[in-house]
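Please keep the viewer open as you read.

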Amino acid sequence: MSASSAARTPASEALFDPRLARRKLSGTVFLSACLLAIAVLLLALLLLLIDVLTKGVPFLDLDFLGGVPSRIPARAGILPALVGSLEISVIVGVTAFPIGVAAAIYLVEYAPDTFITRLLRTNIANLAGVPSIIYGIFGLAVFVRALHLGYSLMAGALTLVLLILPVVIIASMEALRAVPDSQREGAYALGATRWQVIRGAVLPSAAPGIMTGIILAMSRAIGETAPLILVGAVTFVTFLPTPLENGYTVLPIQVYQWATRPQADFQAIAAATIIVVLVLMLLLNLLALVVRARLSRHVSW
Amino acid sequence: MTSASRPLTRRVPPSERLVEALLFLAASVGVITTVGIVLVLVAEALDFFRAVNPIDFLTGTVWSASIEPFRFGVIPLVVGTLDIAVIGLLVAIPLGLLAAVYLAEYASLRTRNIIKPVLETIAGVPTIVLGFFALNFITPRLLKPLFGSDIGTFNVLAGGLVVGLLVTPLIASLSEDALRAVPRGLREGAYAMGATKWEVVRKVAFPAALSGIMASVILAMSRAMGETMAVVLATGMNPQLSLDPRQSVQTMTAFIVQISSGDTPQGSIQFKSLFAVALVLFGLTLGLNVISNRIVARFRNRYS
């Protein structure tokens, strides 16, 4: 033992590099590469925004927001798509909220550590990775055909509910897990039943995180396109959609329709529609911040 | 939740049981969805395989669903999908990992608070917007000047670039988590041996986080293969077997969009082929997700 530890092995000899300045220089080179990568990402985002804004802003006026689609780009408007997107977003939020939160409560507060529970958890992680277009195919088979909803806005909204449910569940589970056990134990000590503990002590503390998750999921639903193509978001709709009637469109579908036309004016109104989508998403993100701040005032741990 | 925070009483009122049953029902929606997806895809694909031999489908190298003679060999669509995913990863791995290392090892809290929102914004941009960007900016303004007329309006390179941009935040955020999970003690040990910061990152932190980083890359691959609208707008709908990134191909997702947004009748063989293609896509992405989750689960236990 003593012989081998006293003598330096050839391997450690090879690892030791006395040229400190050189070693520090390679570190600086690496750090520059990191900063370059971040600059590239920032630049890409900036170019995207500049491209969309310069093309779209000239077409963005009240006639555009309040008008209906037209074969003449200068006369075209997005009101049916705007109303469709808002309706879908609200239905998605209202439906995904109870199911998602209930599922998260079960998985965090009730579920015993059994095979079935592990299956439920793994399944949610895997569902979050299923391509969105696959949900569209499922929505076509179940909501459009089997439940006879037809190509209605409701069929589209329910398809998106399934798509964002894993996101809502995961966000709600994180919010519930962040509530310390002392909060629960305090309520039990006062004689509360399990459901009373959850309703009175756990949910209020988890509410900021849960609400943030729901609002961000609604924001994601506004930007979704691919699954809605399968459940019939048709592209030329000149009337305002109602949930159960056949025929609706949403903003991203309108973007898709116009972006595939070669004429520059159609590209420009596609860009203008993108601006509306991005503004809606931005507003929802701001709403999430406000809701989070307001609800957090009551959480004191 | 620990057993200490369970109620001591054994009497559970019926209303409490009802609540628990309802909550369990909600938690099962995910499993019902998964089973439903598999059943729908398999049932409809079997219908398709009554008309087309599954071996011919999986090994055929010609895909022609809209022009006679109809041929249903899925290889061109799978290769088209892989073309996009590989170029996407060539972009996203260096960008995402450099960003992750910077965020986990170098960035101060202030710079982190600037960079994180940028990454989250990129991740939140609807993919159709990235497709628009590819078609309107990347191809005409960046690629045309570089390649001249050799490059088409729709091409693999533009699709790969935007898909790479799209999955970069995923790699960056998951790899950052993996790097942060490496215990401080490992780094401090290396510093005590006289290592520089870069040597600690390269020889200690990065190798220790490697499995988590691998998992993020696999997940990004799955995400890239399932990406739809960005690819439809950037790369087009030309189902040819090609490795030339300047040409247009068709991915599996783009084919599904083409069939479902056209006026293809629902009972036709073309429409049925959609389900067989979707089954292949579902199988491939699910396989990658399962591998990635397994790696993460194993990694989580290592340092706790």
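Along the sequence, chain B runs α-α-β-β-α-α-α-α-α-α-α-α-α-α, giving 12 helices and two strands; helices (H or I, at least four residues) and strands (E, at least two) are DSSP runs numbered from the N terminus. This is a predicted model, in which local features need pLDDT of at least 70 and side-chain atom pairs count only at pLDDT 80 or more, while totals for chains, interfaces and linings use all residues. Residues are numbered from 1 along each chain as its sequence is written, and chains are lettered from A and ligands numbered from 1 in the order in which they are written.

Some overall values for chain B:

| Property of chain B | Value |
|---|---|
| Span of the C-alpha trace along its principal axes | about 70 × 65 × 30 Å |
| Buried share of the 304 residues | 50% |
| Share of contacts with a separation of 6 or more made by residues 24 or more positions apart | 75% |

A residue is buried if 20 or more other C-beta atoms lie within 10 Å of its own, exposed if 12 or fewer, and partly exposed in between. Two residues are in contact if their C-beta atoms lie within 7 Å; for both terms, C-beta atoms are placed from the backbone.

Now to where the chains meet. Chain A and chain B each bring 69 residues to the contact. On the chain A side, helix α3 (residues 20–56) gives the most, with 18 residues. By class, that side of chain A has 50 nonpolar (Ala, Val, Leu, Ile, Met, Phe, Trp, Tyr, Cys and Pro), 11 polar (the others, Gly among them) and eight charged (Asp, Glu, Lys and Arg) residues.

Leaving aside neighbours within four places in sequence, Ile137(A) is in contact with Leu230(A), and with Val40(B), Leu41(B), Phe275(B) and Ala278(B).
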